[in-house]
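Please look over the chain shown here before reading the report.

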Amino acid sequence: MIKTTLAVMGCTAVLGLALALAPAAAQGPPEGQSLVQNRCTVCHNLTRVRNHIGKNDRKAWNDYVSRMQKNGARVTDAEKQVIVDYLSSLKSGKDL
């Protein structure tokens, strides 16, 4: 009886955890990743961005995206901050 109760409790805990995590996984890529993939690829491929990941700090990314805005990139200032946060958080271009 005790083994059955523990087994049911364990299964319930695992199922609850799986259900709690499922919506997060179903949301897709982070907003920053989506913005980079959708906005930056309008003018060039992502190789250019990948080459700077891990080399640029937050200020460099901010300057980079600001320059792209001046060149016509359709990125709002709020989206720019999301993009800068995302790109400066990456350690490798493979993550992009």
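## Confidence

This is a predicted model. The mean pLDDT of the chain is 79, and 70% of the residues reach 70 or more.

Confidence is lowest in helix 1 (residues 2-26), where the mean is 49. It is highest in helix 4 (residues 58-70), with a mean of 96. Over residues 5-17 pLDDT stays under 50, and the model has zero contacts beyond four places in sequence for this stretch.

## Contact of helix 2 with helix 5

Helix 2 spans residues 31-39 and helix 5 spans residues 77-89. Their axes come within 8 Å and cross at roughly 105°. Because angles of 65 to 115 degrees count as roughly perpendicular, helix 2 is described as roughly perpendicular to helix 5.

On the helix 2 side, the residues in contact are Glu31, Gly32, Gln33, Leu35, Val36 and Arg39. They meet Glu79, Val82, Ile83, Tyr86 and Leu87 of helix 5. By class, this contact has six nonpolar, two polar and three charged residues.

## Largest pocket

The volume of the largest pocket is about 200 Å³. The pocket is lined by 15 residues, and those closest to its centre are Arg39, Cys40, His44, Met68 and Ala73.

Helix 3 (47-50), helix 4 and helix 5 are the elements that give two or more residues to the lining. Helix 4 gives the most, with four residues; helix 4 is also where confidence is highest.

Technical notes:
Residues numbered from 1 in each chain as written. Predicted model: local features only at pLDDT ≥ 70, side-chain atom pairs only at ≥ 80, totals over all residues. Heavy atoms only, no water. pLDDT = per-residue confidence, 0-100. Contact = heavy atoms within 4.5 Å. Axes fitted to C-alpha atoms, helices over the stretch in contact; angles between N-to-C directions. Parallel < 35°, antiparallel > 145°, perpendicular 65-115°, else oblique. Nonpolar A, V, L, I, M, F, W, Y, C, P; charged D, E, K, R; others polar. 1 Å grid on protein atoms, 1.4 Å probe; cavity = no way out; pocket = protein on both sides within 12 Å on 5 of 7 lines; lining within 4 Å. Points joined across faces, edges and corners; volume = space filled by probe spheres on them.
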